[in-house]
Amino acid sequence: MENRHLPTITGDLRAHIVAVPEEIWQCSGIVILGRRIKSLIFTTDIAIIRNTNADAVLAVYPFTPQQVISHAIIQASCIPVLCGVGGGITGGMRTVRLAMDAEAQGASGVVVNAPMGNDTISMVANSIDIPIVATVLNENTDIQARLDAGVSILNISAAERTPEVVRSIRERFPKIPIIATGGPTGATIAATIAAGANCISYTPPSTKELFSHKMDDYRMKGI
């Protein structure tokens with residue numbers, strides 16, 4: 001079948017956005033609460049979230065989750081948000097309360113980090129009606145135990161080994177939805193998709209990097 005023409009509409013002020021790599025659109029995507037998601041932007045920067053063509057936000061950060069942060073991101077975002085609710089230093093009933101609050105605020109899913117115990121995941125699953133996404137760091141994780149506890153989606157983050165880990169898990173669990181980090185290039189993204197990822201998370205340039213490029217343009221124009 002021939003590729004159909006894709007009409008693209010933009011504006012002078014909104015043409016400059018953080019665009020995810022084109023290779024991401026080749027994956028199948030995951031339908032979450034009726035919305036098909038192929039790309040997740042991994043950031044908590046509201047300015048970037050409001051200026052990206054990604055399908056959804058992966059709002060996970062290296063501090064204990066706080067309702068005020070998830071609320072701000074969800075309220076500012078015009079795309080679905082998957083919120084981190086703990087897994088390292090945060091767990092137990094605190095994670096359950098965070099997950100319930102995230103759902104009430106409008107999150108499309110919650111993310112638990114790799115150290116999260118299955119007992120806590122079960123408590124979360126019994127308390128909310130949005131998907132639980134579990135981060136997986138290697139192929140030795142007991143995936144079946146995660147699924148039995150109530151996990152709906154895997155988020156595989158294994159650095160340069162991500163395609164290898166995705167392939168290993170996909171062979172054992174052919175139908176489980178998989179989000180995976182795509183890596184730094186189009187080639188690494190394509191390899192991750194070929195290994196079996198349904199959805200790719202993309203880490204955008206920092207605000208500092210984006211500003212640097214913009215300032216270089218201004219200098220070239222003699223401003």
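Search the whole structure and two salt bridges turn up, a salt bridge being a side-chain nitrogen of Lys or Arg within 4 Å of a carboxyl oxygen of Asp or Glu. This is a predicted model, where local features need pLDDT of at least 70, side-chain atom pairs count only at pLDDT 80 or more, and totals for chains, interfaces and linings use all residues. Residues are numbered from 1 along each chain as its sequence is written, and side-chain values use heavy atoms, with hydrogens and water left out.

**The salt bridges**

- R161 pairs with E139, with the closest N and O atoms 2.6 Å apart.
- That pair ties together distant parts of the chain, 22 residues apart: R161 sits in the loop between β8 (153–156) and α6 (162–172), and E139 in the loop between β7 (132–136) and α5 (143–149).
- Helices (H or I, at least four residues) and strands (E, at least two) here are DSSP runs, numbered from the N terminus.
- E164 also forms a salt bridge with R161, and here the closest N and O atoms are 2.9 Å apart.
- Through shared partners, E139, R161 and E164 end up in one network.

**How exposed they are**

- R161 is partly exposed at 28% relative accessible area, and E164 is partly exposed too, at 42%.
- The cut-offs are under 20% relative accessible area for buried, over 50% for exposed, and partly exposed in between (1.4 Å probe, protein chains only).

**Around T120**

- T120 belongs to helix α4 (residues 118–125) and is buried, with a relative accessible area of 7%.
- Setting aside neighbours within four places in sequence, T120 touches G91, G92 and T95, where contact means heavy atoms within 4.5 Å.
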